[in-house]
Amino acid sequence: MSEKRKNSELHLNQRHIGYHIIMIVWSFIAMAPVWILIINTLKTKKEIYTNPFGVPRTWTLENYKSIMSGSDFINYFKNSFVVVVGSLAMILVLGSLAAYALAHWRSKTSKGIHFFFIIGMMLPIKIATIRLLQLMKALNLLNTIWSLFPVYIAMGLPTAVFILTQFIRGLPGELYEAAFVDGADRFMIYHRIVMPLIRPALATVAIYNLVPIWNDLWFPLIFITEESQKTVLLAVTRLQGQYTTDWPKLLTILTLSALPVIALYLAMSKQFIAGLTAGAVKG
């Protein structure tokens, strides 16, 4: 019996070693583009063409100095940061309020509203670009970063409502009963009980919407031509010419623009993973 157990453990360890090898190889493949991006920001333009994948022969920080001192990168970054933070805040607040209502409102009307939000996940908002352009012109929001807020909030709300509604419906009903007995109203229950319990779901929604909003080029390109109102990725297009591209500066801007996304993911990774795996072991 002990021999069989030893053989079983040996076989299990071999499988674990195989899994680890696969994950290590996959990690190298996934990190290769990041390596190429970062390492080329420390090279001159000539060396990028002669040695695009290797370590720089001569390390230089001139690309970073040039971006910081010789361009409006700080302003572009500030515009992107304001748009992303403001949009995510509104998505989380409005999405959680709508989900809280839909989770406890059981009727044909609520099912219709919930289905309406689900349809919003299926339809790409870019198909309404012309109408949105006309709307922003009518609201006098063109050439300002404020024109991006309604679009991004509309993009993120369907996903937020879909995810948060399921989380709130999974909360024990006894929590609400105890809160009502203690004299709490619905808004107090939402603020003090529901919001702390759905933090993993809120982190999931935030990260899920962060990347497409931060990386969006379509709507800033259409809505904004004013230099002071441009976002980071829109500024990248200035470095791409018809016949030549300033690759060192372009890669430097992309590297700097990726830092907030990486920092937010690292800060919220535990909540994000908890949100993705919640309910996976329920019977």
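Tutor: Phe-219 has a relative accessibility of 1% and therefore counts as buried, where buried means under 20% relative accessible area, exposed over 50% and partly exposed in between (1.4 Å probe, protein chains only). Phe-223 is likewise buried, at 1% relative accessible area. The model is predicted: local features need pLDDT of at least 70 and side-chain atom pairs count only at pLDDT 80 or more, while totals for chains, interfaces and linings use all residues. Residues are numbered from 1 along each chain as its sequence is written, and side-chain values use heavy atoms, with hydrogens and water left out.

Rings of Phe, Tyr and Trp (its six-membered ring) pair if their centres lie within 6.5 Å; planes under 30 degrees apart are stacked, over 60 edge-to-face, and the rest tilted. This rule gives seven aromatic pairs. Among them, Trp-146 and Phe-149 are stacked, because their ring centres are 5.1 Å apart and their planes meet at 20°. Trp-146 is partly exposed, at 49% relative accessible area, whereas Phe-149 is buried, at 12%. Phe-219 and Phe-223 form a tilted pair, with 5.6 Å from centre to centre and 40° between the planes. Both belong to helix α11 (residues 218–223), and they are four residues apart, so about one helical turn separates them; helices are DSSP runs (H or I, at least four residues) numbered from the N terminus. Ring pairs also join Phe-73, Phe-77 and Trp-214 into a cluster.

A pocket is an open set of points on a 1 Å grid over the protein atoms alone, where a 1.4 Å probe fits, with protein on both sides within 12 Å along at least five of seven lines; lining residues have an atom within 4 Å of a point. The largest pocket holds about 520 Å³ of space. Its lining comprises 19 residues, of which Gly-120, Leu-123, Ala-154, Met-155 and Pro-158 are the closest to the centre. Helices α5 (108–122), α7 (148–169) and α10 (199–214) each give two or more residues to this lining, which divides into 14 nonpolar, three polar and two charged residues.

The second largest pocket holds about 400 Å³. Of its 16 lining residues, Val-34, Leu-37, Ala-258, Val-261 and Ile-262 are the closest to the centre. At least two lining residues come from each of α1 (2–40), α10 and α13 (247–277), and α13 gives the most, with seven. This lining has 13 nonpolar, three polar and no charged residues. In these classes, Ala, Val, Leu, Ile, Met, Phe, Trp, Tyr, Cys and Pro are nonpolar, Asp, Glu, Lys and Arg charged, and the others, Gly among them, polar.

Definitions and conventions. Points joined across faces, edges and corners; volume = space filled by probe spheres on them.
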